[in-house]
Amino acid sequence: MREGTVCREAAPPCLRALGLVAEDPRSPGVTTPVPPETAAFAALRPIEEAIADQQRTYRSVQAALSAFGRTYDDARKRERPTLTVLTGATVISNALEAAVDGCREALLTAQPGGGRPEHLLGEALERDVRMLARGVRQRTIYQHTVRSHHPTLAYIEKVTAAGAEVHTLAEVFERMIICDREVAFIPTSEERSDSALQIRHPALLRFLTALFDNAWARSVPVDPGGVPARSPLITSDVQRAILQAVVSGETDDSIARRMGMSRRSVAKHISRVSAQLGSGSRAQLGYLLATSGLLWLEEPAPLTPPEERF
């Protein structure tokens with residue numbers, strides 16, 4: 001720069017690449033410095049054009065995606081939502097009524113919590129008999145504790161006479177209603193009556209149906225003239241479930257809610273087992289149960305007198 005010229009071979013490649021030196025037309029083989037602003041225009045202009053071209057491409061793709069996004073959203077809005085939260089007893093009841101009235105082939109229901117209130121059973125009876133008359137297959141799973149609840153047994157006797165199938169288990173996973181494997185209802189909280197989730201997603205419906213079928217295969221049929229409330233099978237199922245909950249560290253209140261029975265009945269079951277095993281505390285009882293092998297017997301000896309109700 002200070003000398004004004006330099007031999008072409010001596011000019012650094014970076015200067016030539018950036019256009020900071022140029023051939024002197026008057027002196028072949030000699031290069032002279034180029035003002036940086038002039039070199040910048042020549043070096044940066046192609047880059048600026050490339051950036052501008054990329055920006056135009058970016059805006060074009062963005063506009064196309066935005067237009068497709070609006071079309072996609074409009075199309076989805078016309079589709080029926082696969083998951084809908086229903087809030088309030090009236091809204092839930094209306095949705096269930098509509099689904100059951102539209103049921104054509106199969107209704108699957110799981111009803112935990114023991115015996116149901118008489119007014120709910122009365123509402124369900126009329127609806128279920130009407131549905132069964134259309135040839136719909138209805139399968140319902142209750143907990144074993146309904147076998148000593150007279151209002152629920154009366155309802156079961158009437159719906160089974162109309163063609164329904166009713167089974168019981170010691171524990172039922174959660175309240176669930178599935179209509180034609182097209183729509184299902186499950187509670188969104190432990191309160192169960194406050195809000196429900198309406199499900200139409202095929203994968204979730206397939207999963208819930210398989211869950212129900214698995215429980216159905218392990219359940220015991222209810223026949224007004226068949227298995228009594230205190231049969232060895234029913235008693236051992238209830239007893240085993242309570243004892244397993246004790247080993248897991250659950251409280252009496254928690255066990256009662258899960259088993260659909262009173263806290264007093266749970267306490268009686270546990271008290272008898274404690275006396276039989278010589279346990280002096282809840283912790284010791286859990287240890288003795290886990291080490292006694294009692295939970296792994298195929299039919300544990302009933303610890304509740306046959307005449308006592310759940």
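**Salt bridges and a helix crossing**

D101 is partly exposed, at 37% relative accessible area; that class sits between buried, under 20%, and exposed, over 50%, with a 1.4 Å probe and protein chains only. This is a predicted model, where local features need pLDDT of at least 70, side-chain atom pairs count only at pLDDT 80 or more, and totals for chains, interfaces and linings use all residues. Numbering runs from 1 along each chain as its sequence is written, and side-chain values use heavy atoms, without hydrogens or water.

Back to D101. Its side chain meets R130 in a salt bridge, 3.1 Å from N to O. The term means a side-chain nitrogen of Lys or Arg within 4 Å of a carboxyl oxygen of Asp or Glu. D101 lies in helix α3 and R130 in helix α4, so the pair ties together parts 29 residues apart in sequence. Helices here are DSSP runs of H or I, at least four residues; strands are E runs, at least two; both are numbered from the N terminus. R130 is partly exposed too, at 36%.

How many salt bridges does the structure hold? It holds 11. Another is D213 with R181, closest N and O atoms 3.7 Å apart. D213 is in helix α6, R181 in the loop between β8 and β9, 32 residues apart. Shared partners also join E97, R127 and D128 into one network.

Now a local pair. D53 bridges to R56 at 3.5 Å between the closest N and O atoms. Both lie in helix α2, 3 residues apart, about one turn. D53 is partly exposed at 38%, and so is R56 at 48%.
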